[in-house]
Amino acid sequence: MEFLVSPSSSSGIVPSSRWLLFYVAAVFSFLYLPIAVLIVYSFNGEGVGGFPPRHLTLDWYRLLFTDGAIWDSFLNSLQVAFAAMAISLIFGIPAALALDRAKFPGKALFRRLVLLPLILPGIITGLSLLMLFNMTGVRLSLMTIVLGHGTALISVATTEVFAGLQKLDRAQEEASLDLGANYWQTFWRITVPNLKLPIIGAALLIFTLSMDEIAVSFFLIGRDNTLPLEIWGRLRRGITPEINAVSTIIFVFSLATIVLWYRLNARAEGMAEIAAEMMNDDKSV
Amino acid sequence: MFSRTYKLIVTLPPLVWVTAFLLVPYFLMFCYSFWSVTPSQTILHSWNLDNYKELVVKTTYWQTLLRSMWIAARVTIFSLMLGYPLAYFLSFYAGPRKDLLYQLVIIPLWVSYLVRAYAWKTILGSEGVLNTLLQYVHLTRHPLDFLLYSPFAVVLTLTHIYTPFAVLPIYAALEHIPRNLVEASHDLGATPTQTFWKVIFPLSIPGVVAGATFAFVLSLGDFLAPLLLGGPSGIMISNIVVSLFGAAYNWPLGAAISLGMLIIVVSLLFVSERLEKKWSFS
């Protein structure tokens, strides 16, 4: 790889890699500019527009903390996210095991069906469920949103856990079964501990995706709002930096989650590297 | 090594759940699309093709669908144009900063969709950050009003949202290219440009196809960005569906359009899967 950037290799490459660097910097600024603007204007006393920002203040955050509707919707979203996470994991983990280990008619169709909501526009998932609840006479509430999120996000749990299973060494499970543990014990003592990282990763991802979800919730909402729908309602009425403030807080929370996940992952990768090195040592001896 | 009972226990619950909450609802959508609604707003369960006839005859639906596809196509092209060089840089030039830069691509994905669309609204509005900045530095005297409430605003916002989606599969494909192929090409006298176009790019096509599919499908079905930033000229096909399920109250017609979208999406996924297989080398 090194030769691609070293100046000695070819006369044409250095300027082009410099241009590439410039281009990449521009793309990153495009990706981060709106987020920066959002955060800066959450401290702006004059409102959401207007350059330059004037009168820096924490008023919008203060307003936010006394805003009952925002808090209620936040608590609703929290409940929905936890419940959706439970549903997605309870059905997504077995689905991954089934795809990895069982053979049954219609397996290919099953796989596609489970993964479809990952790429399907939310409106189709939302509307098809709305028709189901309408036909069966289920009243729309936070519960219907939980069912929507839980079902759509099974795809996330299944993909993450399935990827983990592909790397899993089956010998451990085999040994456990041979030594007299039953499937239930083997599942909890061998399979789950080995899949800890994919499961935690899936749980965090499902949680944040559910907290942010709006397209499916849009159709399944009852009387109580989730946080994104509360924000949506306010956007339609007119905008204040209070929305910037709540968005900034959501951003910081998401960032904290991703840093947490990255650290867990880095630690695991570090362990894997140590293990690999130890195995190499064994061979050399 | 796994018994029948084990296989049954891991297979049956997800199978039942997915059937009840995905397969049955899609089937219901299919049924609805053949029903009709009376003037007194009750849904008649009598089977007919009226909804599909209306879709074929009325040009509004076709025009809106075409406009949505054109918006989605632009979003796809721009996302690839921004995303490919970024993925390429990450894979070949980033060196020790690779991990950090990769995380920087992921972070915007974790910022809620709504928040990002809203941020663009505050930037593009007539009293927004961009217009006031332009006037502040005396580049313009009056606010530019074509920025917000236009297809331009929708394309810009959706490009911002889906560029990371394009980067990730392209990056994964680039990372899978054996580095000795690149070295061999160089050793055999190819210039960096030739190496890129004859070795690297063809091998990255599966990633490009995956990224393009993501960007196109997800932006095709979007209805929130057009509602927030699109204005009347930025209406997309999903907005028509939303109004049919809301104020216009014609669920059967809305179901017919949704089913059409579902069919378009599933066929695109089918085509892209074929393309990815055709271009993958391993």
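**Notes on the two chains**

1. B:Y149 sits in the loop of chain B that runs between helix 6 (129-136) and helix 7 (151-175). This is a predicted model, and what follows should be read as such. The phi of B:Y149 is near 55°, a positive value in a residue that is not glycine. Most residues other than glycine have a negative phi. B:Y149 counts as buried because it has 21 C-beta neighbours inside 10 Å, and the cut-off for buried is 20 or more.

2. B:Y249 also deserves a look. Its phi is positive, about 40°, and B:Y249 is not a glycine. The residue belongs to the loop between helix 11 (237-245) and helix 12 (251-279) of chain B. Is B:Y249 buried or partly exposed? B:Y249 counts as partly exposed, because 13 C-beta neighbours lie inside 10 Å.

3. Chain B as a whole has twelve helices and two strands. Along the sequence the order is α-β-β-α-α-α-α-α-α-α-α-α-α-α. The radius of gyration of chain B is 24 Å, well over the 19 Å that the globule rule gives for 282 residues, so chain B is more spread out than a compact globule. Along the principal axes, the C-alpha atoms of chain B fill a box of roughly 75 × 75 × 35 Å.

4. Buried residues are 46% of the 282 residues in chain B. Of the contacts in chain B between residues at least 6 apart in sequence, 72% join residues at least 24 apart.

5. Chain A has 13 helices and zero strands. Of its 285 residues, 40% are buried. Among contacts in chain A with a separation of 6 or more, 75% are between residues 24 or more positions apart.

6. The domain assignment divides chain A into domain 1 (2-41) and domain 2 (68-284). Which classes of residue make up the side of domain 1 that touches domain 2 in chain A? That side has four nonpolar residues, with no polar and no charged ones. In the contact between these domains of chain A, four residues of domain 1 meet five residues of domain 2.

7. The contact between the chains involves 69 residues of chain A and 73 residues of chain B. On the chain A side, helix 2 (residues 13-41) gives the most, with 14 residues. By class, the side of chain A that touches chain B has 56 nonpolar, ten polar and three charged residues.

8. Helix 5 (residues 107-119) of chain A has 13 residues, and the distance from its first C-alpha to its last is 19 Å, close to the 18 Å expected at 1.5 Å a residue.

9. The buried residues in helix 5 of chain A are A:F110, A:V114, A:L116 and A:P117. What covers the buried residues of this helix? The cover includes helix 4 (68-101), helix 6 (122-136) and helix 7 (142-167) of chain A, together with helix 1 (4-32) of chain B.

10. A:R170 is in helix 8 (residues 170-178) of chain A. A:R170 is partly exposed, because 14 other C-beta atoms lie within 10 Å. From C-alpha to C-alpha, A:R170 and A:I190 are 9.8 Å apart in space, and they are 20 residues apart in sequence.

Key. Residues numbered from 1 in each chain as written. Chains lettered and ligands numbered in written order. Predicted model: local features only at pLDDT ≥ 70, side-chain atom pairs only at ≥ 80, totals over all residues. Contact = placed C-beta atoms within 7 Å. Helix = DSSP H or I, 4+ residues; strand = E, 2+ residues; numbered from the N terminus. Nonpolar A, V, L, I, M, F, W, Y, C, P; charged D, E, K, R; others polar. Domains from an automatic or database assignment. Expected span 1.5 Å × (residues − 1). Buried ≥ 20, exposed ≤ 12 C-beta atoms within 10 Å, placed from the backbone. Rg over C-alpha atoms; globule rule 2.2 N^0.38 Å.
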